[in-house]
Amino acid sequence: MNFFEALPELSEYVLAGAKYILPFLAIWLLMRCVRSMLREKYEPETWAYLIDEAGAKRPVHHWECIIGRAASADVVVTEPSVSRVHASLMRDDEGGWNLSDIRSKGGTRINGRPVDTDEPVEDGDVLSFAGNDFTFRDIDEKKRAAQAMRRTAPGRFIGPGVTLLILTLFQAFLTMEFTATAQPGHVLPIALAFLALMVIQWFCYFVMRSIRRTGFEPETLAFFLTTLGVAVVATSTPGEMLKQIFLVMIGITLFFFLGFWLRDLRRVKAFRWAAAVAAIGLLGLNLLVSEAVFGAKNWLTVAGVSIQPSELVKVIYIYVGAAALDRLFERRNLFAFIGFSALCVIALALMGDFGAAVIFFTCFLVISFMRSGSFATVFLAVTGAGLAGFLVLSVRPYIAQRFATWGHVWEDVWGKGYQQTHALSAAAAGGLFGKGAGTGWLKDIVAANTDMVFAVLCEELGLIIGLCAILAVISLALFAVRNAAQGRSTYYVIAACAAVSMLMVQMGLNVFGSLDILPFTGVTFPFVSKGGTSLISCWMMLAFVKAGDTRRDASFVVKPQAGRRVRPADGEEEAEE
């Protein structure tokens, strides 16, 4: 028997072995990322102290702090004369501090001088909140550097390079599966696409190492999900492999660009309303010139290239929302953001993109309530109810039909329930380990590689890998929430939590919609569903998650310390800066 005669038998061995190895590698990769992101020790950063008259120190852990009597305040002052939300203490990128009064009853003073808004604070100044005096003590660079070196750096116990190697093995075995199942003319493009993806992820890893960033877990999870997305393209439209890799490169390039842009918060905030105008312009253009596809006018064709403006507007919405509400105590910011949100949701409702409207509305609530005070809480609740009511009233007939079909898909298998019944059947047929990459039949159903991509994964790669994809998105969300408590800047905290809330809602609507647990909305699975604009927006949203990483030498928005020795000061141990 020559080699070519043995190929069919060899293909069977490859399929049989790879389909059991892939779930093991996926679980191993996920466990390492989760352990590194969620189980390693997180130490807070201290930027200054407020010292009361008795000598007790209250640490300042954030760049933007609310001072007040409320338990939710960043610096709690329990005296009855102090308002629940009394004042804000804010640090700029150059290390300067400013104090603002937040309409307190007892007033705020610096060295006996009344404070209104953005009064500069120097080391040694006496800050008074309703007659309660505190001495402000800034931390000098030597102490801060020594403090920073005592914090645990990511990758100390779980090397990100090893985790990325596991992902590379996963991609190699997936490529072997496609080599055994794909049509002869598609084998080389598929193999080259996966090889290109491996090169891209290792290039990104070494770029991060070159700027002394040791945390690579969020990117690894994103590359894992992107790998599944490339597999979906390989099985459904193998002729578009080169295009998919090109889109991945665009998304990663914008990921790095946005990360660099977020380093300067003053620049970010200066461009927020220009970004808002661009978002409204995109949605308006979409309404005026696009054509309806499956009942929704959410595609815009420019020079022969189709884009989905709502996907790009997601990134802008987070950018604007976090910049507008990092100082929510300023009412003009609150009203401006509500107006911007209403315009976005109304435009999406008019376009008939119900799934995107739900995602934006959920993100609106998450962003707003993260920084709302008592007045804002009531106002936002009323506004949220009004927006929800508008969504219900603006539901179009084809969307109402989807709600009517929800829970009754098996009553009309070849009609209204066609897509979901086939998705359920295919997912069940895949079992735990799947039929093998490229061997499923669901890929031939309309919109299977976008709206029902979870079922495609389950059919071909198995339920275990499908669940790993869900857990990867959940892990990013938990990671952002854990970082929120220790975030340097409110902007980074709000942006990261808003980004993962969008990803979570988007994933939930896709998975539960295709399985008839929720009404079918046709939204994409983050990073996995076929669609260039969606993939690009997901990588850009990952930049917000990365910006919110509070671990030492992890976030690329924080400039790395120089590698020189720092002389000990005031009893501090010697440490590298």
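**Hairpin, strands and rings**

Modeller: β1 and β2 form a hairpin, with 4 residues between them. In the turn, G55 has a positive phi of about 95°. Strands here are DSSP runs (E, at least two residues) and helices are runs of H or I, at least four residues, numbered from the N terminus. This is a predicted model: local features need pLDDT of at least 70, side-chain atom pairs count only at pLDDT 80 or more, and totals for chains, interfaces and linings use all residues. Residues are numbered from 1 along each chain as its sequence is written, and side-chain values use heavy atoms, with hydrogens and water left out.

Colleague: Which residue of β2 is the bridge partner of A48?

Modeller: Two strands pair if DSSP finds at least two bridges between them. β1 and β2 run antiparallel and are joined by 4 bridges. In β2, the partner of A48 is V60.

Colleague: Which residue in β11 stands opposite I51?

Modeller: β11 covers residues 132-138. It runs antiparallel to β1, with 5 bridges joining them. Opposite I51 stands T135.

Colleague: How many residues of β1 are buried?

Modeller: Buried means under 20% relative accessible area (1.4 Å probe, protein chains only); exposed is over 50%, partly exposed in between. β1 is mostly covered. Of its 5 residues, the buried ones number 4.

Colleague: How many aromatic pairs does the structure hold?

Modeller: Rings of Phe, Tyr and Trp (its six-membered ring) pair if their centres lie within 6.5 Å. Planes under 30 degrees apart count as stacked, over 60 as edge-to-face, and the rest as tilted. The number of aromatic pairs is 19.

Colleague: How many residues apart are W47 and W63?

Modeller: W47 is in the loop between α1 (3-39) and β1 (48-52). W63 is in the loop between β2 (57-60) and β3 (64-68). The pair links distant parts of the chain, and the separation in residues is 16.

Colleague: What is the relative accessibility of Y491?

Modeller: Y491 forms an edge-to-face pair with Y492, 6.0 Å centre to centre and 80° between the planes. Y492 is buried, at 6%. Y491 counts as buried too, with a relative accessibility of 0%.

Colleague: Over which ring does the charged end of R267 sit?

Modeller: A charge sits over a ring if NZ of Lys or CZ of Arg is within 6 Å of the ring centre and within 35 degrees of the ring normal. For R267, the distance to the centre is 4.5 Å. The ring belongs to W261.
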